[in-house]
Amino acid sequence: MKTVMKYNFCGNSGVQLPAISLGLWHNFGSVDPYDTAKEMVLRAFDAGICHFDLANNYGPVPGSAEENFGRILRENLSKHRDEMFISSKAGHAMWPGVYGDGSSRKNLIASCDQSLRRMGLDYVDVFYSHRYDGRTPIEETMQALVDIVRSGKALYAGISKYPTHLQQQCYDYLREHDVPCLLSQYPANMFKRGAIAKTSSSNLAVAAENGSGFICFSPLAQGLLTTKYFNGIPASSRAGRPTGFLQEQQVTQERVEAARQLNAIAEQRGQTLPQMALAWLLHDSRVTSVIVGTSSVAQLEDNLLTLDHLEFSVEELQQIDNILSLDGLAM
Ligand SMILES: NC(=O)c1ccc[n+]([C@@H]2O[C@H](COP(=O)([O-])OP(=O)(O)OC[C@H]3O[C@@H](n4cnc5c(N)ncnc54)[C@H](OP(=O)(O)O)[C@@H]3O)[C@@H](O)[C@H]2O)c1
């Protein structure tokens with residue numbers, strides 16, 4: 001049976017995203033094998049994953065994921081631009097000096113131009129403020145997003161990782177300036193559940209209340225929600241590689257043991273652990289998409305099969321909750 005991609009509307013918008021998106025934070029930089037990166041993008045697109053999530057600083061080296069993605073587009077997908085939804089972001093350290101970091105108008109506008117040049121695009125579909133920098137007024141950052149959209153360099157605006165107490169202000173500003181927030185991007189997985197907590201003040205609930213789509217990043221806890229760390233840290237894994245953001249000390253006994261227990265439930269469901277972890281997020285209909293990162297086509301194929309089994313019984317959800325309430329798992 002061929003897995004069929006599922007598409008979800010982005011909050012109140014008329015635009016849809018695939019339930020599974022591909023992120024290029026790791027595995028697509030100049031330190032990574034280009035051919036594997038190309039195969040993953042092409043296989044993803046072929047399977048209906050039409051949303052690719054990038055940012056100025058993805059690599060390493062920073063910028064190289066956008067350059068590689070631009071090359072893949074130019075050489076293989078140039079006829080398909082209108083079938084694709086491409087994002088970029090600015091807000092983390094990118095170039096030297098005081099303008100290459102943070103949420104200022106100066107940084108966002110220059111960064112968007114740089115990203116377009118690296119990818120060889122006229123526009124991105126969504127441009128995000130990558131983070132709140134703790135200093136720049138929300139009005140300055142949101143107005144920069146409004147102006148980027150008005151200038152035609154992005155079709156939609158998004159926010160990423162904005163703290164709960166500022167989230168509503170972002171939505172209000174953008175809506176009042178006729179550029180409603182299309183997407184809110186937050187970390188969410190079985191070990192990091194704050195943003196998707198079942199409360200009326202969670203990031204997910206506030207996004208849904210405001211008609212914004214919600215997209216989860218690091219849905220597999222950077223690989224902890226797989227079986228790869230059951231017997232130590234493989235040198236080829238994200239925690240084992242010197243350029244990986246996941247640190248060895250984050251691969252704790254508690255998390256590995258919880259992953260083992262979760263894996264037993266996944267097996268009973270006839271799924272792999274990554275498939276169950278993705279399905280568990282998508283089970284909430286307010287979640288528009290999950291952005292997976294993969295280091296091989298085989299991982300991508302595995303993740304795609306998630307869509308064949310998205311339902312959970314009440315008992316399964318309870319068993320999972322019992323495991324997730326164990327001490328020492330939160331990230
Ligand atoms: N807005 C933000 O601030 C922000 C922050 C982080 C990420 N993001 C976005 O979210 C995307 C995804 O983040 P992430 O890469 O941390 O996601 P993730 O899906 O939680 O982790 C990806 C890693 O999990 C492993 N993996 C994935 N599928 C697997 C499978 N089926 N079997 C075994 N291992 C598997 C791989 O690890 P190995 O490399 O060990 O094989 C892969 O590199 C990023 O690319 C980026 O677009 C956004």
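Student: Which way do helix 1 and helix 2 cross, left-handed or right-handed?
Tutor: In this predicted model, the crossing of helix 1 and helix 2 is right-handed.

Student: And which residues make the contact?
Tutor: Helix 1 contributes Tyr34, Ala37, Lys38, Val41, Leu42 and Phe45, while helix 2 contributes Asn68, Phe69, Ile72, Asn76 and Leu77. By class, eight of these residues are nonpolar, two are polar and one is charged.

Student: At what angle do the two helices pack?
Tutor: Helix 1, residues 34–46, and helix 2, residues 64–77, pack at an angle of about 60°, and their axes are 10 Å apart. Helix 1 is therefore oblique to helix 2.

Student: Let me switch to the ligand. How many residues surround it, and which are the closest?
Tutor: The ligand is surrounded by 30 residues, and the closest are Gly23, Trp25, Phe217, Gly223 and Gly293. Strand 10 (289–292) and helix 9 (297–304) are the elements that give two or more residues to this shell.

Student: Which of them gives the most?
Tutor: Helix 9 does, with three residues.

Student: What classes do the shell residues fall into?
Tutor: The shell around the ligand has nine nonpolar, 16 polar and five charged residues.

Student: Now alanine 19: where is it, and is it buried or exposed?
Tutor: Alanine 19 is in the loop between strand 2 (16–18) and strand 3 (20–23). It counts as buried because it has 23 C-beta neighbours inside 10 Å, and the cut-off for buried is 20 or more.

Student: What does alanine 19 touch, leaving out residues up to four places away in sequence?
Tutor: Alanine 19 touches Lys6, Asn8, Leu282, Ser289 and Leu307.

How values were computed
Residues numbered from 1 in each chain as written. Predicted model: local features only at pLDDT ≥ 70, side-chain atom pairs only at ≥ 80, totals over all residues. Axes fitted to C-alpha atoms, helices over the stretch in contact; angles between N-to-C directions. Helix = DSSP H or I, 4+ residues; strand = E, 2+ residues; numbered from the N terminus. Parallel < 35°, antiparallel > 145°, perpendicular 65-115°, else oblique. Left-handed = near helix turned anticlockwise from the far one by under 90°. Contact = placed C-beta atoms within 7 Å. Nonpolar A, V, L, I, M, F, W, Y, C, P; charged D, E, K, R; others polar. Near = placed C-beta within 6 Å. Buried ≥ 20, exposed ≤ 12 C-beta atoms within 10 Å, placed from the backbone.
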